[in-house]
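Subject: Structure handover

Hello,

Please find the structure below. My notes on it follow.

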Amino acid sequence: MSAERMRVAASSAERAARAALSAVTEPGDDRIALRMRDAGAEATWRAICRGDDALDKSRVLRRRAEHVDGAEVLERAERLGIRYLCPGEPGWPAPLDDMAATLDFGERVPPPLGLWLRGEGDLATLAEWAVAVVGSRNCSRYGERVASDLATDLALAGRTVVSGAAFGIDAAAHRGALGVGGPTVAVLACGVDVPYPASHAQLLERIAADGLIVSEVPPGSRPMRAWFLARNRIIAALSAGTVIVEAAPRSGALSTATWTQKLSRETLVVPGPITSALSGGCHKLVRDGAGTLVTGSADVLEAIDRLGAHAPPDPEVEARPIDALPPTHSMVRERMRAGALETVGGLAQRTGLTDDAVETALGELAADGWVTRDNGGWRLGSTISPAETHT
């Protein structure tokens with residue numbers, strides 16, 4: 001066999017071993033990461049299959065391994081149009097290599113064995129200018145608006161918005177980037193082919209079409225509670241900095257801030273009302289000196305560039321469609337609630353405009369897709385501003 005063909009065979013075996021390991025091990029396992037670094041994927045897989053006490057004293061992993069074939073996992077993914085990307089391969093994002101460097105220290109951030117990808121985007125390119133925007137699932141209207149507007153502005157500045165596709169802040173961030181045609185990456189705690197949450201199936205389809213869906217667990221995997229915290233380290237590692245928009249003191253979003261700090265990346269925090277428990281965790285980060293307060297995309301970009309990141313090429317000056325709306329139309333649209341069926345009378349009361357003025361504005365907004373008529377009332381339409389998107 002030629003040297004070139006031997007290298008291809010070794011690469012195939014390495015990929016199969018990594019795919020198999022991703023199906024039986026827990027994401028972010030320190031022991032697996034250290035063994036992988038010291039012995040490689042194939043040796044680590046063989047150790048699990050034979051029952052290595054140092055890795056698997058309970059034999060849980062070995063029992064799982066009895067039903068897994070790495071090559072079959074890869075073939076099944078390929079049939080679904082899902083790619084598997086291993087460290088060192090073309091398209092592997094350089095920022096993730098910082099994770100391996102932490103294995104020699106106490107504050108470890110175990111690197112993924114590989115990443116399953118859904119979508120046509122190039123992860124290395126997307127990660128080059130990435131910023132994470134995360135926060136509470138049960139967010140306020142204020143947090144939702146801030147996350148969406150922030151993601152919109154970051155996308156217009158040439159940045160990739162990275163988040164976790166969860167309810168609340170995550171979804172608002174993704175939609176904010178998508179609303180202006182910007183790239184966005186969703187890192188999931190389940191298989192990239194599993195729509196979770198189920199109501200975000202359409203959102204995930206849009207992300208796959210215009211950006212990328214990423215996971216370290218194989219296709220078909222249902223989410224596990226611990227996997228959400230583990231996936232947050234990948235969100236942090238892919239990004240030059242992480243923006244926490246809203247997070248209560250015990251919010252899972254704060255784990256992303258912890259991973260960000262372990263990777264010596266910038267933790268950026270949006271302030272909220274002092275009366276809001278949803279911003280309590282954010283305020284504590286700032287109070288403890290663990291986060292930098294930011295109030296907009298300019299602050300975020302300044303903080304990231306302070307760490308030595310090079311600014312992306314200046315984007316073309318592009319006015320957002322929402323900015324071109326006449327004041328009356330903008331006022332009517334701003335007062336419409338996402339998901340609600342609005343009436344002319346109700347909008348007139350909230351805006352202070354006459355019924356005729358509201359009716360005229362709605363008719364013209366409908367012509368451009370900003371609103372739609374439905375069951376005798378009006379709803380926000382497909383041209384909805386990301387700021388008004390309800391998750």
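How many disulfides does the structure hold? It holds zero, where a disulfide is a pair of cysteine sulfur atoms within 2.5 Å. The sulfur of cysteine 139 is too far for a bond, because the closest cysteine sulfur, in cysteine 282, is 12 Å from it. Cysteine 190 is in no disulfide either, and its nearest cysteine sulfur, that of cysteine 139, is 20 Å away. Cysteine 190 has 2% relative accessibility and counts as buried (buried is under 20% relative accessible area, exposed over 50%, partly exposed in between, with a 1.4 Å probe and protein chains only).

Before the rest, the basis. This is a predicted model, in which local features need pLDDT of at least 70 and side-chain atom pairs count only at pLDDT 80 or more, while totals for chains, interfaces and linings use all residues. Residues are numbered from 1 along each chain as its sequence is written, and side-chain values use heavy atoms, with hydrogens and water left out.

Overall fold

The protein chain has 18 helices and 11 strands; these are DSSP runs numbered from the N terminus, helices being H or I with at least four residues and strands E with at least two. Its radius of gyration is 23 Å, close to the 21 Å from the globule rule for 391 residues, so the chain is as compact as a globular protein of that length. That radius is taken over C-alpha atoms, and the rule is 2.2 Å times the number of residues to the power 0.38. Along the principal axes, the C-alpha atoms fill a box of roughly 80 × 45 × 40 Å. Of the 391 residues, 51% are buried. Among contacts (heavy atoms within 4.5 Å) between residues at least 6 apart in sequence, 72% join residues at least 24 apart.

Pocket and cavity

Both were searched for on a 1 Å grid over the protein atoms alone: a cavity is a set of points where a 1.4 Å probe fits but cannot get out, a pocket is an open set with protein on both sides within 12 Å along at least five of seven lines, and lining residues have an atom within 4 Å of a point. Points are joined across faces, edges and corners, and a volume is the space filled by probe spheres set on them.

The second largest pocket holds about 450 Å³ of space. Its lining has 26 residues, with Arg137, Ala166, Phe228, Arg231 and Gly252 nearest the centre. Helix H12 (225-238) and helix H13 (253-262) are the elements that give two or more residues to this lining, and H12 gives the most, with five. By class, the lining has 14 nonpolar, eight polar and four charged residues (Ala, Val, Leu, Ile, Met, Phe, Trp, Tyr, Cys and Pro are nonpolar, Asp, Glu, Lys and Arg charged, and the others, Gly among them, polar).

The whole structure has one cavity of 30 Å³ or more. The largest cavity has a volume of about 120 Å³. It is lined by 16 residues, and Glu26, Pro27, Gly28, Leu113 and Glu216 are the closest to its centre.

Two residues

Arginine 18 lies in helix H1 (residues 3-24) and is buried at 13% relative accessibility. Leaving out residues up to four places away in sequence, arginine 18 touches Met36, Ala41, Tyr84, Cys86, Pro87 and Leu113.

Serine 297 is in helix H15 (residues 297-306) and is buried at 15% relative accessibility. With the residues up to four places away again not counted, serine 297 touches Leu150, Asp153 and Leu154.

Regards
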